[in-house]
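Subject: Structure for you to look at

Hello,

Here is the structure I said I would pass on. Please open it next to this email and follow the notes below.

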Amino acid sequence: MSDSYSHDEKWMQRAIKLARLSRGYTRPNPPVGAVVVKDGRVIGEGRHKRAGCDHAEVVALKACIENVEGATLYVTLEPCSTHGRTPPCTDLIIRSKIKRVVIGCKDYYEHHCGKGHKILEQSGVEVISGVCEQECYDLAVPFFRHVHTGKPYLSLKLGMTLDGCIADHNSCSQWITGEESRLEVQRIRSTVDAVMVGSGTVCVDDPSLLCRLDGGDNLMRIVIDSSGTIPATAQVLTDSAAGRTVVFTSENTPLEMLHAWRKNGAEVKILPLLKCGHLSLEAVMSKLGDMDLMHVVCEGGGGLAGALHDADLIDEYLLFYAPAVLGDINAKRGFAFNNMESTLSGMPRMQIKDVRMFGSDVQVRMVKSEDQTCSQD
């Protein structure tokens, strides 16, 4: 590895760190970080904080403490070249006489893909792309999913025993995993746009689904309840964040229940039932995309997890395994993926991205594919 590439990685890591601070706040834009370096020193840096605000490159250039001519700009995502809520970043970069631009990941959005890179090169700017590419791609992949499909990127988080139980035969699930895993779940919530659960989880656990860490005050809460079973007294409907709760239900839910759910500001969306008697999760995901939600994490329960899996809607599996087993009593216990009709021949194979330890628990992160082309879904 050359010294220049090593230095590029160093400064790109700083830009990545900045971008991570914006996860969960920029919808419908991606989180992006940028750093301006001159003579081996950082002279300005910034991140895109919210949609409508300056992009990371603009923030970084405005923050520079000295003349930027001849400097290098490090940015986690290819600079935009079109005029949206803000002017194209390529224009300011060229006007500022930046000598070199180092890009982490190209912008796979078809309206931008490769165009910023080309414009900068045609203007005499040296452009290097693909530095810390995977980390930068991971930051932006929910944005890519949203702009290409109109739906959010969906992560499924489940805490379970080694034999796949997410609750005992009394429906008790608190707590299967340890404190360190639960803290990681809070960190995950702080980086996404919404957390989603089924009605069973609300009825049994009455969770707040809020984020206890700094940040996360933009987090939406999504509940799937096809028949109107969640009580109007549930935390998600009555706490100070009730205005950030959305319940998806059907016309079968009594009118008085709909009014009770809406009393403290929760939004209710009514969808038609499928022949099987359940809501179309494909339609739910489309509605969430219409709300400009880019990254949603589903936290169960087993019925919803199984239905999402069967509908091929899960992009990422975040499975936390506790070093314990519960066994089975007449198949009444809660399992991670319920009501599925899989066969060995039709069983989808996943790709394990990483395995991490949180206390005595093991987290396995899996994805369906790694297709990273300009036309990817």
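**Salt bridges**

Glu184 and Arg356 form a salt bridge, and their closest N and O atoms are 3.8 Å apart. Glu184 belongs to helix H6 (residues 179-189) and Arg356 to strand E13 (residues 351-358), so this pair ties together parts that are 172 residues apart in sequence. Glu184 counts as buried, with 6% relative accessibility, whereas Arg356 counts as partly exposed at 38%. Please keep in mind that the model is predicted.

A second salt bridge joins Arg100 to Asp8, with 2.7 Å between the closest N and O atoms. This pair also links distant parts of the chain, as Arg100 is in strand E4 (residues 100-105) and Asp8 in helix H1 (residues 3-20), 92 residues apart. Are Arg100 and Asp8 buried or exposed? Arg100 has a relative accessible area of 15%, and a residue is called buried under 20%, so Arg100 is buried. Asp8 is at 2% relative accessibility and therefore counts as buried by that cut-off. Asp8 and Arg100 also belong to a network with Glu126, joined by salt bridges that share partners.

Lys62 and Asp54 give another example, their side chains meeting in a salt bridge of 2.8 Å from N to O. Lys62 counts as exposed at 61% relative accessibility, while Asp54 is partly exposed with a relative accessible area of 30%. How many salt bridges are there by this rule? The count comes to 16.

**The nine-stranded sheet**

In what order do the nine strands of the open sheet lie? The order is E10-E9-E8-E7-E11-E6-E12-E14-E13, and the pairing is mixed. E10 and E13 are the edge strands, each of them pairing on one side only. On average, neighbouring strands of this sheet are turned by 20 degrees against each other, with direction ignored.

An antiparallel part of the sheet is found where strand E12 (residues 316-322) meets strand E14 (residues 361-367), with six bridges joining them. Phe320 stands opposite Gln363 in E14. Helix H6, the one that holds Glu184, packs on the sheet and touches strand E6 (153-161), strand E11 (295-298), E12, E13 and E14. The direction of H6 makes about 160 degrees with that of E12.

E9 (residues 245-249) is worth a look of its own. Five of its five residues are buried, which leaves the strand mostly covered. Thr245, Val247 and Thr249 point one way from E9, Val246 and Phe248 point the other way, and all are buried.

Which strands pair with E9? Strand E8 (residues 220-224) runs parallel to E9 and is joined to it by four bridges. Val223 stands opposite Val247 in E9. Strand E10 (residues 267-270) also pairs with E9 in the parallel sense, again over four bridges. Here Val246 stands opposite Glu267 in E10. From E9 the chain crosses through helix H9 (residues 255-262) to E10, and this β-α-β crossover is right-handed. H9 lies across E9 and E10 and runs at about 145 degrees to E10.

**Two single residues**

Thr76 is in strand E3 (residues 72-77). With a relative accessible area of 2%, Thr76 is buried. What does Thr76 touch, leaving aside its neighbours within four places in sequence? Its contacts include Met12, Ala15, Ile16 and Ala19, as well as Pro31, Val32 and Gly33. Gly104, Cys105 and Cys136 are also in contact with Thr76.

Asp138 lies in helix H5 (residues 133-149). Asp138 is partly exposed, with a relative accessible area of 34%. The side chains of Asp138 and Gln134 are joined by a polar contact of 2.9 Å. Cys105, which is one of the contacts of Thr76, is 33 residues from Asp138 in sequence and 9.4 Å from it in space, C-alpha to C-alpha.

Regards

Terms used:
Residues numbered from 1 in each chain as written. Predicted model: local features only at pLDDT ≥ 70, side-chain atom pairs only at ≥ 80, totals over all residues. Heavy atoms only, no water. Buried < 20%, exposed > 50% of the residue type's maximum accessible area, 1.4 Å probe, protein only. Helix = DSSP H or I, 4+ residues; strand = E, 2+ residues; numbered from the N terminus. Pairing = 2+ DSSP bridges. Right-handed = clockwise from strand over helix to strand, strands pointing away. Salt bridge = Lys/Arg side-chain N within 4 Å of Asp/Glu carboxyl O. Polar contact = N/O pair within 3.5 Å; in protein donor to acceptor, adjacent residues only side chain to side chain. Axes fitted to C-alpha atoms, helices over the stretch in contact; angles between N-to-C directions. Contact = heavy atoms within 4.5 Å.
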